[in-house]
Amino acid sequence: MLSRIVIICITGFWLAMTGLLVVRELYPESLRLNEVSLAYVGQIVFQHEQASDLRISTSDKSDKDSGFLHIQPRNVASTGQHALELHGSVSFTLPGGSRQRLVWIGAFEMSRDFSPARLHLDLSTAESGQHTDVVVDFAGKKAVFGVKMGEHIVNETAFTLDEAGFGKLTAGAGVDPMLMRQLAASQSGIPRFDFSAQSSSLVISGQKLETFLLSVKAGGQDIFSAHLSQLGQVLSAQAPALGWKLTPLNLAR
């Protein structure tokens, strides 16, 4: 089960990154932000290296926390690159009604100009005792993931970041080939992505704060939005497609 979850997540992430490249080539005007450049906001985030500790709440569990997310920006002094250290967990309902908790520890590395360089994630579920180690090399357009039980590697798979590589990955994992065909079809008709970064404000505990509002839309639908403080901390975020609402852990509910 964990392997299938990982494969679907990796495939979705690959399609999203491919979509970003398509937008950059075909719709460069969508990256010309009106008020604040994305690069400027990135510089703010990594200049101050402020951590964000967020509560994940979902629409189907309004009275319970479904998980948490810790984000720590880091500058790599030796290379000039940047990294977002990520760890957290989230509970979700499997088909059949049973609950599962997915835990992750990892880092998303970027070049000096904030281009994706490398993603490394360790994913696990307490119920199965399995760990899945995922490494994605964006520059080399390849990835590898290995499934472990304790310290023993049960299976390791390498693949390329293209349709052929993901077709091989899903087929080898026993995932219905129709899934890959549907994903590939959705890529060919991928909607236009619109990015924006603008000055905004947010009221927290009765206090109005000046923020940077980041948002991503596809085909006019909200994909992700976040209010960042002037020091780069996440004050509020939403991921409607996942049904997630993210708020700082230190705020009263």
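I call a residue buried when its relative accessible area is under 20%, exposed when over 50%, and partly exposed in between (1.4 Å probe, protein chains only). With that rule in hand, I looked up Phe145 and Phe159, and both are buried.

**Ground rules.** This is a predicted model, so I kept in mind that local features need pLDDT of at least 70 and side-chain atom pairs count only at pLDDT 80 or more, while totals for chains, interfaces and linings use all residues. Residues are numbered from 1 along each chain as its sequence is written, and side-chain values use heavy atoms, with hydrogens and water left out.

**Overview.** I found four helices and 13 strands in the protein; helices (H or I, at least four residues) and strands (E, at least two) are DSSP runs, numbered from the N terminus. Buried residues are 38% of the 253 in the protein. I also noted an accessible surface of about 14,200 Å², with 56% of that belonging to carbon and sulfur atoms; the areas come from the Shrake-Rupley method with a 1.4 Å probe, and for residues only the protein chains shown count as cover. A contact here means heavy atoms within 4.5 Å. Of the contacts with a separation of 6 or more, 41% are between residues 24 or more positions apart.

**Aromatic pairs.** I paired rings of Phe, Tyr and Trp (its six-membered ring) if their centres lie within 6.5 Å, calling planes under 30 degrees apart stacked, over 60 edge-to-face and the rest tilted. The count by this rule is four aromatic pairs. One of them is Phe145 with Phe159: ring centres 6.4 Å apart and planes at 70°, so I logged the pair as edge-to-face. Phe145 sits in β7 (residues 142-149) and Phe159 in β8 (residues 152-160), so the pair ties together parts 14 residues apart in sequence.

**Core.** The largest one has 34 residues, and Val41, Leu69, Trp104, Val136 and Leu228 have the most contacts inside it. I picked Val41 and skipped its neighbours within four places in sequence; Val41 is in contact with Val36, Ala197, Phe212, Leu214 and Leu228. In soluble globular proteins, nonpolar side chains tend to be buried together.

Two strands pair if DSSP finds at least two bridges between them. β1 and β2 run antiparallel and are joined by five bridges; Asp53 has His70 in β2 as its bridge partner. β2 and β3 (residues 81-93) also run antiparallel, with 10 bridges, and Arg74 is partnered with Ala83 in β3. These two strands form a hairpin with four residues between them, and Gly80 in the turn has a positive phi of about 80°.

**Pro73.** What does Pro73 touch, leaving out residues up to four places away in sequence? I listed Val45, Phe46, Glu49, Gln50, Ala51, Ala83 and Leu84. Pro73 lies in β2 (residues 67-76) and is buried, at 2% relative accessible area. I also checked Gln47, 26 residues away along the chain: its C-alpha atom is 8.9 Å from that of Pro73.

**Positive phi.** Most residues other than glycine have a negative phi. I noted Glu49, whose phi is near 50°, in the loop between α2 (38-48) and β1 (52-58); Glu49 is partly exposed at 30%. Ser205 also has phi near 50° and is in the loop between β9 (193-204) and β10 (207-218). Ser205 is exposed, at 74%.

Terms used. A nonpolar core is a set of buried Ala, Val, Leu, Ile, Met, Phe, Trp, Tyr and Cys residues joined through side-chain atoms within 4.5 Å.
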